[in-house]
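Work through the exercises below with the sequence and the structure in view. Try each task before reading its solution.

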Amino acid sequence: MKNIESMINKYMQENQVPGTAVTIIKEKQVWLSKGFGKTNVEEWGADVSEQTLFRIASVSKLLTGTMIMMLVEKGLIDLDEPIRTYVPWFTTDSEEYSKLVTMRMLLCHSTGLPTGGLPSGYKDEKGLYLYMKEVVPTLTQHFYPGTAYSYSNHGVNIAGFVAETVTQKPFATLMEELIYKPLEMKQTTYSLLKAATYPLALPHNKDAEGNLQIIHELYENTSNYPCSYAYSSIKDLSNFAMLHLNNGLFNGKRLLEESSIEEMRTMQAKWYNKTNGGCGISFFQEVKDGIKRFWHYGQFNDNFTSQFILVPEKGMAVIVLANGDQAFQLGYDIVDELLKDEKVEKEDWIQVTDRFLWKDFEGTYLHGYWGIMEISNGYLKHNDNKYELIPFNDDSYIAINENGDHKFIIGFPELTPDQQKVVMINSRNCSIITLGYQPNPSDWENLEGAYSDEIETYKVWIKDSSTLMIKDYQTGQDIEAQAILSNQFLTKEYGHVGFIEINGVMNIEFDFAWRNPRISNEVFALN
């Protein structure tokens with residue numbers, strides 16, 4: 001216990017975190033449930049306790065996925081039925097790919113949809129419906145559905161709307177009836193008005209001197225309820241953990257069949273990494289030191305972070321909530337500390353016979369962060385570096401340079417000849433791309449201006465015949481962007497940056513996902 005509490009205090013000090021709450025369950029018994037620090041940095045900030053509410057960000061996805069498995073058991077949803085069975089008008093920007101999307105793909109992030117989502121937006125119960133009508137049709141699916149992994153907030157939001165549709169109930173009401181009430185999660189809510197009646201951890205940022213200050217606004221977007229907008233406490237989430245550790249039982253009552261729990265823990269979409277990681281139904285999974293872990297972390301900017309980890313074979317759970325950054329790493333570290341004396345199975349890469357999978361995937365690919373990657377003649381080429389591809393299992397290779405160092409892991413999904421080529425590089429999907437665009441500043445004139453989503457602000461202007469400039473007002477940086485297509489650019493700082501017009505408004509889009517609409521066409525509209 002002393003080691004754990006020391007880790008928590010060190011984490012809070014190093015990351016300037018005002019408040020943290022931690023639950024540890026061992027052998028299906030609560031071993032620690034405690035708050036640390038304050039709900040905010042002002043004098044009136046209250047002590048954090050096990051009942052303090054935090055925005056849990058993407059840990060919300062575990063709640064949503066569990067609710068949907070209950071609807072599957074009721075026969076209202078089939079995991080492998082096309083979404084258009086339930087919502088006939090559902091579409092992304094691809095008619096061909098839209099009709100193939102299933103609930104399983106939405107919940108294991110294999111639709112090809114981007115990450116995305118707006119921190120602030122719709123305010124009423126119709127938010128999910130309006131989002132499905134106005135936002136989803138503008139989203140690009142970057143690969144053939146079901147063939148690779150691509151983390152997507154949008155996918156889980158779409159799943160939430162399907163749940164609304166088949167039950168004819170608002171999403172928040174549905175969650176209250178199927179999850180929160182049966183599990184005695186009395187505080188958990190999506191409502192800001194309800195959350196404000198409980199001890200509530202507040203978000204912070206830093207002033208010019210680096211001192212923490214309260215952000216006096218809690219963002220609302222009802223279309224993001226399924227993916228990231230729940231408020232909860234470690235006390236409530238401990239009950240949710242017990243449901244999963246007891247294979248669907250809570251206080252002796254069965255709420256979910258064991259077969260559904262098993263389905264949620266079954267690998268659905270691989271990451272092609274050293275820990276045999278990937279995604280089941282909502283839960284991420286990996287093997288470390290021979291022990292399987294199921295988890296999900298959450299991050300709402302740097303204002304709230306969270307971690308929820310299950311180790312079912314040990315009857316263990318670790319839950320960390322914080323109104324600051326890096327809570328997910330603290331969760332990992334606590335699990336490592338708890339399991340440090342367990343028997344370790346050595347995890348070396350064992351070279352296997354080369355099946356020369358790369359031959360079917362030769363070409364040029366675009367990685368959202370690393371940029372252009374080329375696979376050719378058994379090598380991966382990135383910028384001026386060349387890496388030999390060495391197989392370490394049946395479908396994955398490590399990329400090793402001439403010094404024997406490795407930087408990339410490449411996975412080759414099973415594809416049919418008619419499916420678009422996609423590879424996984426460092427657990428990120430990369431679609432094949434055709435290059436050859438000659439930079440032409442006249443193509444970029446309609447991209448200049450100021451962009452903002454009311455939280456983040458950017459300015460865009462043309463520097464010269466080959467470079468577009470982006471000013472990031474959050475960091476003060478001026479970022480050079482090199483054109484690879486007329487509306488697609490690469491930057492050293494943020495990787496891929498694109499521009500897309502939606503309903504007549506130009507948007508800047510980072511990593512194929514995060515959008516900010518243009519608020520002015522004037523290049524120097526902002527100081």
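The exercises go from a helix to a helix pair, then to strands and loops.

This is a predicted model, in which local features need pLDDT of at least 70, side-chain atom pairs count only at pLDDT 80 or more, and totals for chains, interfaces and linings use all residues. Residues are numbered from 1 along each chain as its sequence is written, and side-chain values use heavy atoms, with hydrogens and water left out.

**Exercise 1.** List the buried residues of helix 7 and find what they pack against.

Step 1. Helices (H or I, at least four residues) and strands (E, at least two) are DSSP runs, numbered from the N terminus. Helix 7 covers residues 171-180.

Step 2. Buried means under 20% relative accessible area, exposed over 50%, and partly exposed in between (1.4 Å probe, protein chains only). In helix 7 the buried residues are F171, L174, M175, L178, I179 and Y180.

Step 3. These residues lie on the same side of helix 7, because they cover an arc of only 155° around the axis. The arc is that of the directions from the helix axis to the C-beta atoms. An α-helix has 3.6 residues a turn, so residues three or four places apart point the same way.

Step 4. Contact means heavy atoms within 4.5 Å. The buried residues of helix 7 pack against helix 2 (60-73), helix 5 (127-134), helix 6 (153-167) and helix 9 (225-228).

**Exercise 2.** Describe how helix 2 and helix 10 pack.

Step 1. Axes are lines fitted to C-alpha atoms, for helices over the stretch in contact, and angles run from 0 to 180 degrees between N-to-C directions. The axes of helix 2 and helix 10 (residues 234-245) are 12 Å apart, at an angle of about 45°.

Step 2. Angles under 35 degrees count as roughly parallel, over 145 as roughly antiparallel, 65 to 115 as roughly perpendicular and the rest as oblique. Helix 2 and helix 10 are therefore oblique to each other.

Step 3. L62, L63 and T66 of helix 2 meet L237, F240, L243 and H244 of helix 10.

**Exercise 3.** Give the strand order of the open sheet of 8 strands and name its edge strands.

Step 1. Two strands pair if DSSP finds at least two bridges between them. The order is 2-1-14-13-12-11-10-9, with antiparallel pairing.

Step 2. Strand 2 (29-37) and strand 9 (269-270) are the edge strands, since each pairs on one side only.

Step 3. Within the sheet, strand 12 (residues 291-300) and strand 13 (residues 304-311) are joined by 7 bridges. Y297 stands opposite Q307 in strand 13.

**Exercise 4.** Are N377 and N426 exposed or partly exposed?

Step 1. N377 is in the loop between strand 16 (371-376) and strand 17 (379-382). N377 counts as exposed because its relative accessibility is 58%.

Step 2. N426 is in the loop between strand 21 (422-425) and strand 22 (428-432). At 29% relative accessibility, N426 counts as partly exposed.
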